[in-house]
Amino acid sequence: MSDATVELVKAHLKQLRLPAMGQELEKLARDAASSNQSYEQFLLRLTEFELAARAANAVAARIKHAGFPVLKDLDTYDFSAMPGLSKPKVLELARGEWLAQNYNCCLIGSPGTGKTHLAVALGQAACREGYRVRFYTAAALVSRLEQAQKQYTLDRFLGQLDRADLLICDELGYVSFSCGGVELLFRVFTDRYERSSLLLTSNLAFSEWVQVFQGERMTAALLDRLTHRCHILEMNGESYRFRESMRGKRARKSE
Ligand code: ADP
Ligand code: MG
């Protein structure tokens, strides 16, 4: 291709909003010429680049939109530190079939055992599988719901939550809420029942949830729906953070 032709094709691709094809054009054209590819093969490879770039951009946009507090992944999760947790089960969840079936997932365990780490990792895996995800701590979600109610924008906010295939609610149980807050949270959770998925993390065993959802009746109703179709992972053990810092101290002592 002459320089003028290349520049013109690039300008057209830009106008057609096909940037990855524009970027790869010259390299792929050279490859195609040197390996005697047909025009169709060249075009196929060029369009494959555009599709791959679009898919990667869509995943990045879903991850950004999810609002994860940190970006932790499964490859940095040390399963040997949590022997009670089934690695195959977690890997199966990362494939996302539970989301297609509108199942829920609860990660229950003591502080520092990696619940947030796994919640984010599973959330990111869901984004990669094409699902829309929203991440909130329970406290942030309740305060956002209360704020929306005050500003008469509750329906709009509930609509946004509704569009998420997976709602992650982290740290249920650390702070207790007002009656109004609890009712809003209850509404969000029960609205999703059998329609979309919830991933909850909590330091409280189910028997202690009555502390959060003030009142036996509401707690029982919630747990009934939540756990009906639910993967429950118990993550009890020593805090990973604590163990790492003790290991650091021991190492420094022995130096
Ligand atoms: P939790 O939410 O259960 O309190 P976090 O997920 O916040 O715990 O974990 C605390 C810190 O320890 C984080 O930096 C997390 O990445 C790390 N962590 C916890 N468990 C593991 C693990 N098994 N492998 C690697 N890092 C871990
Ligand atoms: Mg946490």
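In this predicted model, R17 is found in the loop between α1 (3-15) and α2 (19-34), where R17 is exposed with a relative accessible area of 66%. The phi of R17 is near 55 degrees, a positive value in a residue other than glycine. Most residues other than glycine have a negative phi.

**Backbone**

- N102 also has a phi near 55 degrees, a positive value in a residue other than glycine.
- N102 is placed in the loop between α5 (97-100) and β1 (104-108), and N102 is partly exposed, with a relative accessible area of 21%.

**Aromatic pairs**

- The count of aromatic pairs comes to six.
- One of them joins Y77 and F79, whose ring centres are 5.0 Å apart and whose planes stand at 75 degrees, so the pair is edge-to-face; both Y77 and F79 are buried.
- F189 and F213 form a tilted pair, with 6.3 Å from centre to centre and 55 degrees between the planes.
- Because F189 lies in helix α9 (residues 179-191) and F213 in the loop between β4 (197-202) and α10 (216-228), this pair ties together parts that are 24 residues apart in sequence.
- F189 counts as buried at 4% relative accessibility, and F213 counts as buried at 0%.
- Ring pairs link F189 and F213 with F206 and W209 into a cluster.

**Charge over a ring**

- The charged end of R144 sits over the ring of F157, at 4.2 Å from the centre of that ring.

Technical notes. Residues numbered from 1 in each chain as written. Chains lettered and ligands numbered in written order. Predicted model: local features only at pLDDT ≥ 70, side-chain atom pairs only at ≥ 80, totals over all residues. Heavy atoms only, no water. Phe/Tyr/Trp six-rings, centres within 6.5 Å; stacked < 30°, edge-to-face > 60°. Buried < 20%, exposed > 50% of the residue type's maximum accessible area, 1.4 Å probe, protein only. Helix = DSSP H or I, 4+ residues; strand = E, 2+ residues; numbered from the N terminus. Lys NZ or Arg CZ within 6 Å of the ring centre and 35° of its normal.
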